[in-house]
Amino acid sequence: MCPRNSRTHKNNGYSLGTKASFDISDFNRIIEEGSRYGLRSINLGAYAEPLTHPQFFEFVSLASRHGIIDIRMITNGILLNPSTSEALLDSAITNIFISIDAATKETYSSIRGGGYDQLIQNIDYLLKRRESRSQSIPFVRVSFVHMNSNKHELSDFLEQWQERVDFIDVQPGEDLSINPFSGFLQGNEQRITCISPWQRLSILSNGDIIPCCSFYGRYLPIGNINTTTIYDAWHGESMQIVRKNLLENASDVCNTCQSSSLL
């Protein structure tokens, strides 16, 4: 569900496994600019595991000091050990999104690899400590990417978590092997309404600015923080073209993104 290596995802039009790390000075510059224009929400770790970054909690503190009131993170939960959970509960993080995708150890192992037992222990600790500290935040969401390999466990997954966490997110799996320029889709394909290019931007560790949080958004870079400001990218010609093509159903990339569900 997340392209990580070129062996599995051979058709990707962007680099994988670069081991690049987001620079905190770049992050500070982005947050400073965003705060001048009313930025109130950010998401850390849309394409990688944020807890592997040695300065993760500095990122969170910087965002909080600049008035960001909704600081989200997406994690696989393996590094949510007790000390990390305590640090998160002490921090300005408001939402923790944990990717699981299975209701049993066997299915989890086949999809995501080892660590299921540790993951469940980590989540149990986080939830119990949040309760014992009488905290309502950070909110905890668990997610399930619905695929042929796990769809038989969806009801068990819902039953497992519905009384324990704040949100459960069920997402359709995507066939990320599809090259959006291969002619896979035609103009008469049904289009699902997407509002992302009017709501958010994503910024990669190499500085590329993309118009949404989708993996396919990487095919549509609208600038780079080393050569343009966030404001200019948001209002720039490239972003306007993305919005226009999306509205007119004229983007191969957007059509592929919205029609690649495995369901």
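Author: Let us begin with a term: buried means under 20% relative accessible area, exposed means over 50%, and partly exposed lies in between, with a 1.4 Å probe and protein chains only. This is a predicted model, in which local features need pLDDT of at least 70 and side-chain atom pairs count only at pLDDT 80 or more, while totals for chains, interfaces and linings use all residues. Residues are numbered from 1 along each chain as its sequence is written, and side-chain values use heavy atoms, with hydrogens and water left out.

Reader: Why does Asp101 count as buried?

Author: Asp101 has 0% relative accessibility, and because buried means under 20%, Asp101 counts as buried. Asp101 is found in the loop between β3 and α4 (105-112), and its phi is near 70°, a positive value in a residue other than glycine.

Reader: What makes strand β4 mostly covered?

Author: Strand β4 covers residues 139-146, and seven of its eight residues are buried. Strands (E, at least two residues) and helices (H or I, at least four residues) are DSSP runs, numbered from the N terminus.

Reader: How do you know that β3 and β4 are joined?

Author: Two strands pair if DSSP finds at least two bridges between them, and five bridges join strand β3 (residues 95-99) to β4, the two running parallel. Within this pair, Ile96 stands opposite Val140 in β4. Six bridges join β4 to strand β5 (residues 167-172), again with the strands running parallel, and here His146 stands opposite Pro172 in β5.

Reader: Which elements make a right-handed β-α-β unit?

Author: The unit is made by β4, helix α6 (residues 154-161) and β5. A crossover is called right-handed if, with the strands pointing away from the viewer, the path from the first strand over the helix to the second runs clockwise.

Reader: Why are α1 and α2 called roughly parallel?

Author: The axes of α1 (residues 24-36) and α2 (residues 56-65) come within 10 Å and cross at roughly 20°. Angles under 35 degrees count as roughly parallel, over 145 as roughly antiparallel, 65 to 115 as roughly perpendicular and the rest as oblique, so α1 and α2 are roughly parallel to each other. The axes are lines fitted to C-alpha atoms, for helices over the stretch in contact, and angles run from 0 to 180 degrees between N-to-C directions.

Reader: Which residues in α1 meet α2?

Author: With contact meaning heavy atoms within 4.5 Å, Ile24, Phe27, Asn28 and Ile31 in α1 meet Glu58, Phe59, Leu62 and Ala63 in α2.
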